[in-house]
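Work through the exercises below with the model open. Try each task before you read its solution.

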Amino acid sequence: MRKTLITTAVSAALMLSACSEQSANTSAAAETVETSTMTQAPATAENVLLTPSPLQYMAPQFDKITTSEYLPAFEQGIKEHNAELAAITNNSEAATFDNTIVALEKTGAILDRTQRVFFNLSGLISDDNFTSIEEQIVPKLTAHQDNIYLDDKLFARIQAVYKNKATLTGEDLRLVEVYYDRFVRAGAKLSNADKTKMRELNGELAKFETSFSQNVLKSFKDDVIVVTDKAMLDGLSDSDIASLAAAAKDAGKTGYMITLVNTTTQPLLSSLKNRDLRKQLWETSAYRAMDTNAPLNIKIAQLRAQKAELLGYPTWAAYSLGDQMAKTPEAVYEILDDLAPKALVKAKVEAADIQAEIVKDGKDFKLEPWDWAYYAEKVRKAKYDLDDGQVKPYFEMNTVLNDGLFFAMNKLYGITVKPRTDLPVWQEDVTAYEIFNKDGSSIGLFYLDPYARQGKRGGAWMDELVSQSFLKGTKPVVYNALNIPKPADGQPTLMTFDEVSTMFHEFGHAIHGLFSQVNYPSLAGTLTARDFVEFPSQANEDWSIDPQVLANYAKHYKTGEPIPAELLAKVLKSHTFNQGFGTVEYLAAALLDMEWHSITSDTEITDVATFEKQALAKHGLDYTPVPPRYKTTYFSHSFGGGYSAGYYAYLWTEVFAADAFSYMMDNGGLTLENGQKYRDTILSKGNSQDLMQDYIDFTGKKPSTDALLKRRGLVN
């Protein structure tokens with residue numbers, strides 16, 4: 001996942017001032033930002049956020065930043081940004097590309113630096129201090145954003161440049177069009193009365209979305225299962241049990257503590273023999289944050305519908321998709337509804353196999369969601385003579401990283417990776433690296449934060465701490481966050497194959513940011529449409545199963561022996577196993593996201609569970625054994641992140657990824673020639689030109705769904 005830097009209400013401002021602050025106002029409206037209510041001490045010269053970091057590529061000084069510095073830095077950043085924007089707005093000269101658009105790209109250095117550090121760390125090492133600061137600053141930043149986008153004088157200058165865009169070409173033209181579109185979509189053309197209403201809606205959304213995200217984060221700490229009887233953990237490996245014991249000890253509890261990952265289905269369900277514990281784990285996951293977030297879900301969906309209607313759109317989905325590749329909700333529903341029946345047929349075939357396995361196991365109960373993963377593993381073992389216990393010893397994390405991921409990236413792009421132990425990090429398990437081109441020139445910095453822990457949100461994601469820009473002379477500083485369970489002290493980190501795929505996926509985002517070669521920060525790296533940004537990440541996943549790559553990293557952690565050819569063949573053969581389940585759970589979540597954002601402002605919703613059931617039944621996916629990958633109350637992509645009416649993007653971009661990978665395999669596979677062409681036509685371009693044209697430049701045609709269906713095992 002390409003993580004947005006801040007809450008949805010604020011993330012729309014990711015283009016102004018170095019493409020990622022919470023932009024604010026320009027002229028008179030600047031006075032409306034009330035910095036006096038911030039509770040921290042005034043900014044001082046010692047605040048390291050007020051000046052560019054002296055570290056290489058301005059990497060943040062994680063060893064020197066303290067939480068007491070954030071609010072003063074935000075206050076100073078807003079003040080500085082307002083002054084810079086006022087100078088642009090009040091310029092007596094006629095608006096030009098340079099004195100308006102380029103000038104805007106250069107504003108907001110302190111604010112950009114502060115928000116990048118704060119909002120990234122708030123998802124990585126959050127505590128009560130981060131929560132308190134976030135509650136105070138998000139309303140300020142939301143007002144700051146509104147003051148910019150709803151400023152008549154600033155928009156008049158942008159509009160003047162836009163009207164003369166015929167004189168511009170290339171990236172300059174693209175930048176003007178992006179600015180103009182963002183302002184219009186934010187409400188720049190509304191009446192004064194409607195602008196006032198827009199401010200009210202944005203303020204409410206910022207508050208509710210922040211609360212939603214904080215509730216989800218809190219659930220990772222509170223919604224845990226503590227097992228005191230070790231016998232109940234039958235089926236888990238010794239290393240898994242040791243990890244649960246260590247987690248309990250770290251939390252000050254006695255026994256074995258199971259914590260949740262962000263999806264509905266939990267990894268341990270595939271191994272736990274005790275059905276009662278499986279049910280308890282599944283229900284804890286599926287019904288988490290129901291009391292706290294269900295009312296917020298309804299309110300957020302209604303407020304978004306009101307905002308869309310204020311801007312002239314029938315629904316939030318119509319508004320949200322207006323600047324995406326899909327363009328319309330109808331286009332999204334068409335692709336989701338086309339795939340749904342095919343996926344459901346395959347899932348029901350899988351369910352029949354699982355039910356037969358339950359009977360074979362001497363049980364007479366009906367398949368339930370908490371049974372699927374456990375008995376699917378038995379089916380997989382029977383069909384392929386394969387289980388995780390056989391495979392995990394060959395996927396030790398450091399070997400996967402260095403001899404798998406980095407090896408593949410060297411073969412494809414010629415890059416090399418060097419650990420940078422001299423750079424400070426935000427947590428002891430984080431590693432910093434420098435990435436180099438084949439000719440030895442430095443590309444940028446990369447951080448890897450691999451392990452799950454309290455205070456870190458669930459899932460996996462990538463983000464940028466510094467974005468690439470020729471205009472600003474900056475090189476990229478990016479990171480990947482994973483949530484691999486940390487083993488007990490002295491034990492190796494043995495990964496599931498899903499975790500291996502996730503590591504490759506997130507580095508696909510990383511190289512999208514690292515390989516950026518763009519002038520303007522607002523168009524750089526991963527700042528593309530949502531339904532394009534997941535393409536490079538999903539394309540990168542497939543290198544994890546390339547035979548040449550697998551043979552290089554799949555080695556036994558004790559002996560160093562390569563994975564036996566027979567076992568490797570089973571891994572590859574079983575890669576499409578359980579894809580009916582995987583596709584249905586994804587489609588169910590994507591359709592929930594779309595249905596929540598296809599309501600009108602007067603739609604009455606009283607119960608989240610009822611809405612979910614009716615939405616899934618509408619599309620033929622109300623199938624009890626396969627629940628949505630995310631249910632509404634912990635669907636952070638949709639209600640707390642930047643993917644509202646956008647979760648479909650993973651499927652949309654998988655069409656591109658599968659088609660592109662098929663193209664590369666047809667043209668030599670893992671070669672520097674393929675990598676360079678892909679880097680030149682896709683990864684380096686950011687959002688500097690039409691995204692479909694980028695793809696056509698790479699493969700010579702638009703993508704087809706043929707490779708996707710084969711990739712998911714839905715056709716032979």
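**Exercise 1. Where is the place of L104?**

Solution. L104 is in helix α4; helices are DSSP runs of H or I, at least four residues, numbered from the N terminus. This is a predicted model, where local features need pLDDT of at least 70, side-chain atom pairs count only at pLDDT 80 or more, and totals for chains, interfaces and linings use all residues. Residues are numbered from 1 along each chain as its sequence is written, and side-chain values use heavy atoms, with hydrogens and water left out.

Next, check burial. L104 counts as buried because its relative accessibility is 0%; buried means under 20% relative accessible area, exposed over 50%, partly exposed in between (1.4 Å probe, protein chains only). Then take a distance: L104 and S191 are 87 residues apart in sequence and 24 Å apart in space, C-alpha to C-alpha.

**Exercise 2. Describe how α4 meets α7.**

Solution. Start with the axes, which are lines fitted to C-alpha atoms over the stretch in contact, with angles from 0 to 180 degrees between N-to-C directions. The axes of α4 (residues 97-105) and α7 (residues 152-163) come within 9 Å and cross at roughly 115°.

Now list the contacts, meaning heavy atoms within 4.5 Å. From α4 come F97, N99, T100, I101 and L104; from α7 come L154, R157, I158 and V161. By class, the contact holds 6 nonpolar, 2 polar and 1 charged. Nonpolar covers Ala, Val, Leu, Ile, Met, Phe, Trp, Tyr, Cys and Pro; charged covers Asp, Glu, Lys and Arg; the others, Gly among them, are polar.

**Exercise 3. Classify the aromatic pair of F118 and F119.**

Solution. Recall the rule: rings of Phe, Tyr and Trp (its six-membered ring) pair if their centres lie within 6.5 Å, and planes under 30 degrees apart are stacked, over 60 edge-to-face, the rest tilted. The whole structure has 50 aromatic pairs. For F118 and F119, the centres are 5.0 Å apart and the planes 80° apart, giving an edge-to-face pair. F118 is buried at 0% relative accessibility, and F119 is buried at 2%.

Y663 lies in helix α25 (residues 649-666) and F698 in helix α27 (residues 691-699), so the pair ties together parts 35 residues apart in sequence.

**Exercise 4. Which charged end sits over the ring of F365?**

Solution. Apply the test: NZ of Lys or CZ of Arg within 6 Å of the ring centre and within 35 degrees of the ring normal. R275 passes, at 3.6 Å from the centre of F365. R679 lies over the face of F515, at 3.9 Å from the ring centre.

**Exercise 5. How many residues of α19 are buried?**

Solution. Helix α19 (residues 530-541) has 11 of its 12 residues buried. Among them are F532, V533 and F535.

Key:
Helices (H or I, at least four residues) and strands (E, at least two) are DSSP runs, numbered from the N terminus.
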